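Here is a short report on charged side chains. Look at the model first, then read on.

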Amino acid sequence: MWKRVHVGSPRIWTRDVQKIWSTWRCRLCSSASVNTPPTHTRTQAEKAKRRREREKTILNSDGNEVGLEWSEKEKIIYTAALLPGEKKDTSLPFPQSYSPEYVEFGWYQWWEKQGFFSPEQHSKLPHARDDYFSFCIPPPNVTGTLHLGHAMTVAIEDALARWRRMQGYKVLWVPGCDHAGIATQSVVERKLLRDQGKLRQDYSRDEFLQEVWRWKNEKGDEIYHQLRKLGASLDWSRACFTMDPGFSSAVTEAFVRLCDSGLIYRSEGLVNWSCALESAISDIEVDSKELSGKTLLSVPGYQQKVEFGTMVTFAYPLDGQDGEVPVSTTRPETMLGDVAIAVHPDDPRYKALHGKYCRHPFTDRLLPIITDTMVDINLGTGAVKLTPAHDHTDFLLSQRHTLPRLTVIGGDGTMTSLCGQWLEGVKRFDARERVIDALMEKKLFREKKSHPMSLPICSRSGDVIEPLLKRQWFVRCQEMAQKAVQAVEEGDLQIIPHFYTKMWKNWLSNISDWCISRQLWWGHQIPAYRVTLQNSNNTEEEKWVWGRTATEARERAAVKFGVNPDHITLTQDPDVLDTWFSSGLFPFAMLGWPQQTEDLKQFYPNSILETGSDLIFFWVARMVMLGKELTGQLPFKQVLFHSLVRDKYGRKMSKSLGNVIDPLDVISGVSLEVLQKKIKEGNLDPRESVVAMEAQKKDFPKGIPECGTDALRFALCSYKAQGDDISLSVSHVLSCRHFCNKMWQAVRFTLATLKDASSPASLAETHPVSSMDRWICSRLYSTVQQCEQAFESYELHTVTSALHSFWVHSLCDVYLESIKPVLKHESSDSEEQRVGERQSATSVLYHSVSISLSLLSPFMPFLTEELWQRLLPYSPDSVESPTSLCVQPYPKTSQLDHWYFPKEDADFTLVQEVVRVARLLRAQCQITKEKPDLWAVCTPDQAQTLLRFRSAICTLGRISELHLYCPDGGFTDSPPPVGSAVGVVDHSIRLHLNVQNSVNVDKQRTLLSQRRQKLDTKLKQAISRTQVHNYTEKVPDRVRQETSNKIAAMEEDLKNIEDQLSALGDIRKQD
């Protein structure tokens, strides 16, 4: 409808909300235009289609689809007496298996009592460094409960805080809670109505605020309890609530300073208005409801459902001549406020009508036909009705063309007196039907058609948003926004991931002013005062002053208006400030600003801000603008954004969809019945309720198992947060719980080993002896290196991947299995050599486990603390007591330089392949208990490598003896026996498993024949792909080489199968 033209206006308006309004207000000028919807309308229709497809996927998915499968685990509970804040007794018997409830019990209270999370602890650390790391948690609403998006934030931020603390930084991570003006007031109003049958208006303002504070004191700490449950290492002594006296003083100071500098001003402008709340609301509190066409919806205050998603076309008759101008609208009730009709100046259809008038059929008002290049000629007939007091684009046009602005819908959602007696006091959507009926009577109605649209909905009340013209306080943003853009361009502020910088610049370069007035009682009452002068007769003109106190405001008024202070009457503005205004001050107000406190001197600017990418404009940009303006410094040096968490179907987690997962349900477990009960109590749209409950039945047929905090945190950090949105799977969290148990059993094995061995040597004195010891040490060195690099770049998914790989694939599956014979004295012939190998393996095992627990501590604080404390009595180093893993030094590669063995690391790849193929041959021959001999036909270099790892290959491959056949290299073992099962490693090593006495010949021949057939088919397909026209020119060298290697390997495998079939034939003949 409109071409994009930037016009300054006293408001801030995000592109998402602009899109909603432009779709909703789309008033095309002919029926033909309905068949050619604008691009954004098609986009909304596509979104609605995708939503319906996702619902169909949920409702009509295959009945055989398996939901989350799990079995109930034994719950182990810590039963020893423990006072809050006391340290757990880790000398108690080590439980047989991992139980989250047992592990997590008691640790947090001990950490908190010991002050480990306080920056004052820094001076006690032997590894302390002269650097600080400060940041704040994005303050959640005091009304809310944590969802998985919050859990993602906590997991990432706590990992960073714990990592920096272990590095020796002076860490300050400040907890906080937002007073959430609209949300809190709504909650308390509903409570009072439910419990006492009273409305807010039945109380005085002070009485109502007392009720809010009473509710906050009773319920407001639930968020903090949940943060503790998640293990967040916050400094609770500095917890900050945005309505605390100190913070409120900072809000007042900020308002006064910005007013003094001319950056806050009072003006008339359009705002998002909730008629149900009778207040302006912020853009983030406007949800978009996608409608594919005609839809009946429930609206607060209406007994019957209201129709939306239709386009009404009617005509305005020309004044003084025959003819009419048809216009279209989705909101026909607003036509009572129409003041003009706009056309494009170059549109030949309306050249003759420039400067003419249409006559309003109900008010008899003349509507000038004006010209403006914002009108799109190609949409409809190109004529647009203008309602400046109820439409954002029209408001801009009214500024450009000096048009009147007629408010025809009041703050309570009823039509005003300007509409005439027939509509005055009628609810806006009831008035819609009356207007259509009246247009029909006057024969001006043309048509009503179904029309895709986005409907703006108040997320707090469920009401349909109404743009209303109000006198409000606004923040002038352009100059501050330019400084925020400049900070990024000049590198003073780093945005991670970098691709957000373009969005940052585009949005801030087109920013409009920000309405900060809210018509509420709960919040920071605006410190501005309307001035009434004694004996003044001019009641129309508004006179305003501001001040930190009423006394200061009176003094300012006396100076400003040149009167005696006693002749002034002050009336404080009853409105409160937008919650986002106070939240924008958080990085410095939490440290005591405007006072020059020690915290402000030490920890400001903050080191980093980490938050969800959806808050880039509502919160982050405003913090940068306000911080730079009020403190002269950027509030932080880096901004780290993580992606949105979605459900497994790709839907954004939302209360309105019923797909929000409470992290505490994942931590402690929950039944399907309780999950379904939450849906029923959620007041969802009936269809959404059906979809949500069906999704739960399919996804969690037995409910959600107890996964524990550590598993949830590790799972959340294992997703790539700096990229696409995250589709969280509870099954992934469950797999992380299995990982926890894997760690538990590894430490259990380690403790048993240490109990029967002499004390391990110190890390500096531990020099690995065997090839396996050297390999695991080198793997740990590489893992520490990966963690160092990935933590510095905030790629936590890389850290978790490296740690999981080390624990599972290196430590547990390989090293622990390979050293069991060493620990049982089954390896060497010499007693002295056996003792030396065992001592070396014990020390290597202890330090590998201890160091890898330290590496994992930022992600799994409870489990690693429990296991580390169990290992602590065996430490070769003196450790000050009481101490915690969370304040131990984070491992560094410089500590492990003597553990780096790149040759063993590189050679072990070949060893793993030999073990893999040996196991594969055992499986193919269906050998379970026997340990046959294995021959390796290889090159001299390969033989040297296999010789060094011979013991590990025998143990891991479950073979009795490894024979190396390499006559050219001096290895003179006998050649492999005829009839062996043959496998190939790295295209060059042939493995022969002696199976003559362990295999059913007929069964083995059948299996080999089936393998040959499948392999032959794959080989032919691969070769055919290389024979296509222009294969050499079209396919890159790398791909051609990979394909060639695969073909060679398959040909070698086929040859081996033929050899094995031939050998089995010989065995058959001998029988």
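Is Arg 238 buried or exposed? Arg 238 is buried, at 15% relative accessible area. Buried means under 20% relative accessible area, exposed over 50%, and partly exposed in between (1.4 Å probe, protein chains only).

This is a predicted model: local features need pLDDT of at least 70, side-chain atom pairs count only at pLDDT 80 or more, and totals for chains, interfaces and linings use all residues. Residues are numbered from 1 along each chain as its sequence is written, and side-chain values use heavy atoms, without hydrogens and water.

**Salt bridges**

The whole structure holds 58 salt bridges. In a salt bridge, a side-chain nitrogen of Lys or Arg is within 4 Å of a carboxyl oxygen of Asp or Glu. Among them are these:

| Pair | N to O distance |
|---|---|
| Arg 238 and Glu 120 | 2.9 Å |
| Lys 385 and Asp 338 | 2.9 Å |
| Lys 505 and Glu 489 | 3.1 Å |

Arg 238 and Glu 120 both lie in loops, so their pair ties together parts that are 118 residues apart in sequence. Glu 120 is partly exposed, at 47%.

Lys 385 is buried, at 0% relative accessibility. Asp 338 is buried too, with a relative accessible area of 0%.

Lys 505 lies in helix H14 and Glu 489 in helix H13, so this pair ties together parts that are 16 residues apart in sequence. Helices are DSSP runs (H or I, at least four residues), numbered from the N terminus. Lys 505 is partly exposed, at 40%. Glu 489 is partly exposed, at 49%.

How values were computed: Helices (H or I, at least four residues) and strands (E, at least two) are DSSP runs, numbered from the N terminus.
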